[in-house]
Amino acid sequence: MRPRTGPRPNVPVTIDGVEHQAYEGETLLELARRVGVRIPTLCHLEGLSVYGGCRLCVVEVAGDRRLSPACALEVTAELEVTTQSWDLHEHRRRIVELLFAEGDHVCAFCVSSGSCELQDLATEHDVDHIHYDFAHPDQAVDASHPKYSLDRNRCVLCTRCVRVCDEVEGAHVWDMAMRGSQGRIVAGMDQPWGEVADCTWCGKCVLVCPTGALSFKGRATSEMVHDPDVVAFLAAAREDGEWLDRKADA
Amino acid sequence: MSAETAVDETTRLRVATAWLGGCSGCHMSFLDLDEKLLDLAAMADLVYGPLTDTKEFPPNVDVTLVEGAVTNEDNLELARAVRSNSRYVVSFGDCAVSGNITSLRNSMGDPTELVRRVYVDHPDINGHFPSEVVPALLPHSEPLHEVIPIDVYLPGCPPSAERIWTLLSRLLESLAAGEGIPDLTWRGPEDLRFG
């Protein structure tokens with residue numbers, strides 16, 4: 001995470017009984033990461049807009065019966081939260097199990113096995129089997145792009161690809177279509193990805209995908225390694241003007 | 001149940017393995033226990049499984065590792081026999097735990113079409129529906145816990161020999177000491193993990 005400049009943090013926030021000073025406008029997740037408190041996330045990615053869709057980062061807020069997503073919770077003075085409890089662990093474990101039950105995430109032959117955030121979350125939350133019935137949806141694989149492929153059976157609808165394409169690459173190839181269990185990622189106007197002229201082939205969507213839904217073609221089981229940190233790197237480099245010709249300015 | 005337990009059968013633990021709808025990779029990984037198999041032999045008798053020549057699932061088994069999803073009628077029958085005759089049943093590997101590759105057929109619907117394609121349409125000669133030896137497929141391929149109650153889950157495709165030994169040695173030591181299932185949540189290089 002980038003070091004901040006400007007005024008010192010002065011918003012007192014208590015996380016798991018320990019008081020920290022937060023910056024004004026900071027989210028609880030940003031604060032937690034800055035001070036080294038682990039809160040699990042899936043849809044969130046530093047450098048992209050906040051989506052708050054996966055609910056894995058939920059925390060207990062003192063005085064509020066509802067759980068709040070840390071990624072979208074802006075700090076306020078005297079905020080008091082709990083990030084680890086039996087209830088939260090159970091809640092997060094169920095989310096992970098439901099994600100597994102909803103798709104066909106068969107780790108055994110997944111390109112991303114070993115480099116998959118969903119697989120890691122299952123391990124972190126002691127998911128040793130799925131309590132729910134598997135939906136076994138018959139989702140289409142889109143291999144029409146010359147370089148990349150999309151396996152919707154492995155998609156968790158985190159919308160990282162949608163956001164990175166729109167917000168960082170500026171191409172807006174990806175969108176969400178339909179709702180609920182019918183929800184799916186579509187390219188262009190629900191076209192085969194390879195036919196979408198707006199796609200610049202930059203591959204950022206593939207790099208940020210947390211699972212094996214988006215991958216480089218030609219990768220076999222466990223051979224796909226994602227690089228979601230590329231977004232934070234790009235955002236920082238843009239802010240610092242790293243690509244500007246400084247000599248010309250001088 | 002005396003033939004295979006020549007040693008003092010009142011104290012020897014009885015371990016079995018079963019192979020349902022899986023590729024036998026979990027059993028291969030079991031064999032990868034290598035020299036640990038000697039330790040296992042010192043602790044327990046292996047009374048049933050693809051590695052023994054016993055036809056019927058024996059009674060009074062302490063621990064049974066069950067590999068594979070429940071995908072056909074034979075699997076279902078054996079799974080039920082395992083449950084009736086075992087104190088503890090371990091769902092052994094991703095197919096048993098989650099259905100895994102064996103259950104990919106579920107999204108294709110009616111298995112009759114699948115069988116037609118493989119046995120009737122595909123062969124160059126004499127294509128016909130199998131009527132003997134090959135057991136009929138169930139409408140859906142299910143994880144083991146959908147069919148029988150499970151005591152311990154051991155995911156992995158396959159679970160590594162180290163992971164199998166971590167579970168099996170702790171479980172057998174606990175049973176030998178007259179205790180039940182030990183605390184099996186563990187962290188470290190052999191984290192429980194799918195795939």
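Helices here are DSSP runs of H or I with at least four residues, and strands are runs of E with at least two. On that basis, chain A of this predicted model holds seven helices and 10 strands.

Start with the overall dimensions. The C-alpha trace of chain A spans about 65 × 50 × 30 Å along its principal axes. Its radius of gyration is 20 Å. A compact globule of 250 residues would come out near 18 Å, so the value for chain A agrees with that expectation. Of the 250 residues in chain A, 36% are buried. Now take the contacts in chain A with a separation of 6 or more. Residues 24 or more positions apart account for 64% of them.

Next, the division into domains. Domain 1 of chain A covers 11-84, and domain 2 covers 107-239. Their C-alpha centres lie 25 Å apart. The two domains touch: domain 1 of chain A gives 12 residues to the contact, and domain 2 of chain A gives 17 residues. What is the make-up of the domain 1 side that touches domain 2 in chain A? Eight residues are nonpolar, three are polar and one is charged.

Chain A also meets a partner, chain B. This contact takes 18 residues from chain A and 21 residues from chain B. The side of chain A that touches chain B divides into nine nonpolar, five polar and four charged residues.

Each of these two contacts has been described here by its residues. The size of an interface is often given in another way, as the accessible area lost when the parts come together.

Note on methods
Residues numbered from 1 in each chain as written. Chains lettered and ligands numbered in written order. Predicted model: local features only at pLDDT ≥ 70, side-chain atom pairs only at ≥ 80, totals over all residues. Contact = placed C-beta atoms within 7 Å. Nonpolar A, V, L, I, M, F, W, Y, C, P; charged D, E, K, R; others polar. Domains from an automatic or database assignment. Rg over C-alpha atoms; globule rule 2.2 N^0.38 Å. Buried ≥ 20, exposed ≤ 12 C-beta atoms within 10 Å, placed from the backbone.
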